[in-house]
Amino acid sequence: MYLVKWVTTATIIAFPVLAIVLHNAANACLLLLLLNSIIAVLIGIRPAGYEFSRFLKDYWPLHLAMASWFLAVLLNQLSRGEFSDAPFDRTLRLGIFAPVFWIILALAFRQIKHMQWSFIGGTLIAAIDAYVVTRGGTERPGNIGFIPIIAFSNMTLLLGAMALISIGWNERHEKLLILLKILAFCVALYVTILTQTRGSWIAIPAIVTLALGFFANFLPRYKSILAGASLLLIASTFTSSSIVHNRFSAFEGDIDQYRQGNRDTSLGARIQMWQGAWILFKEHPLFGVGRENFKKEMTGLASRKIVTPAASELVHSHNEVLFNMATYGIGGLFSILSIYFVPAYYFARDRSHQDRQVKTAAYLGLLLCISFFFYGLVDLMFFWNVTGSFYSMSVAVFMTCIIKRKEEIKRLQPE
């Protein structure tokens with residue numbers, strides 16, 4: 001039992017930073033947790049006194065939501081009578097959520113809280129990588145390390161925001177750690193400028209609004225000051241950057257060219273892919289075309305003059321919801337919305353909890369779900385294995401934080 005707990009604890013503490021630093025580390029962490037859960041079943045360990053069957057029953061909406069993408073892929077393949085294991089690869093990162101969540105319940109809340117150091121470390125290491133690879137923002141490569149640059153920027157911003165929200169786990173006398181977390185968030189904002197990622201910028205208003213709502217509960221007297229200082233910081237940072245100006249100028253130029261008939265710009269290609277994905281969904285509404293057939297179907301749309309040949313070369317639609325609708329039909333739509341909003345519902349229930357530790361975990365979970373939703377408006381976060389693994393483990397960890405802290409509170413209450 002001790003070894004299982006030790007390995008699980010080390011994995012949980014390390015995965016946020018390892019996910020963005022080492023290739024396949026997030027996948028390895030997820031599989032290690034799965035292996036631990038299997039060992040726990042074989043040797044009769046019951047984390048938090050939970051039988052696995054009872055655990056499935058108590059949280060069945062959450063388990064079903066995280067497994068729904070796997071089911072959507074299965075239905076698609078059954079409908080076509082064509083079977084391939086490749087499309088299941090990414091879905092399994094979410095599909096094995098239940099045993100991963102179950103084994104994390106073996107940990108104490110105080111052990112899990114140490115992962116806040118990974119939020120800081122991951123953000124700072126990512127910033128160094130981004131500065132070196134982009135040469136201080138003067139270049140924009142396709143990848144930073146093993147992660148596509150858009151996903152890299154999104155993940156860094158999320159880690160920085162998690163560092164900021166996790167201040168709720170600190171006491172007032174921990175001033176140095178609190179300042180370090182604020183610095184991590186500012187550094188994360190800087191990374192989105194270095195990477196010139198407009199998709200990350202779309203999520204910033206939602207992240208800041210969530211953070212302001214969180215801190216306003218602790219510092220109600222300073223609510224207006226917090227809001228004003230935050231807006232001033234972000235506005236001054238972005239308006240003073242020539243990189244941001246250039247990216248928005250390019251965006252305006254893309255719009256002008258699209259109106260003039262040139263659809264093969266960065267923005268124009270995305271608009272075409274959104275339209276193409278919607279058409280594929282309307283033509284295959286029940287089960288979709290399958291992920292492995294998406295590019296072939298887009299090529300067919302190009303031959304029908306619906307999209308240009310250049311746009312049809314893109315590997316996905318740059319919108320998570322539309323891509324899942326096109327590839328897996330109604331099941332795809334249900335699954336992606338469930339993956340976003342069912343965990344968000346569980347976290348939202350405790351956003352106003354009286355205990356600050358519970359509230360912090362709830363806001364961290366909400367931050368995760370909301371960020372992925374906004375990132376998914378212009379890109380695919382679950383297209384990449386590393387981000388899918390990160391999401392699955394993070395939902396499990398923050399849910400466990402809430403459960404374990406509530407147990408602590410119950411034990412401390414007088415009979």
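**A tour of the salt bridges**

Begin by selecting Arg304 and Glu283, whose side chains meet in a salt bridge with an N to O distance of 2.7 Å (a salt bridge being a side-chain nitrogen of Lys or Arg within 4 Å of a carboxyl oxygen of Asp or Glu). Arg304 lies in the loop between α15 (294-303) and α16 (309-312) and Glu283 in helix α14 (residues 266-283), so the pair ties together parts that are 21 residues apart in sequence; helices here are DSSP runs of H or I with at least four residues, numbered from the N terminus. This is a predicted model, in which local features need pLDDT of at least 70 and side-chain atom pairs count only at pLDDT 80 or more, while totals for chains, interfaces and linings use all residues. Residues are numbered from 1 along each chain as its sequence is written, and side-chain values use heavy atoms, with hydrogens and water left out.

Next, select Asp355 and Arg405, which form a salt bridge with the closest N and O atoms 2.9 Å apart. Asp355 sits in the loop between α17 (320-348) and α18 (356-375) and Arg405 in helix α19 (residues 385-412), so this pair ties together parts that are 50 residues apart in sequence. Asp355 is buried, at 13% relative accessible area, and Arg405 is likewise buried at 16% (buried means under 20% relative accessible area, exposed over 50%, and partly exposed in between, with a 1.4 Å probe and protein chains only).

The structure holds 13 salt bridges.

Definitions and conventions:
Helix = DSSP H or I, 4+ residues; strand = E, 2+ residues; numbered from the N terminus.
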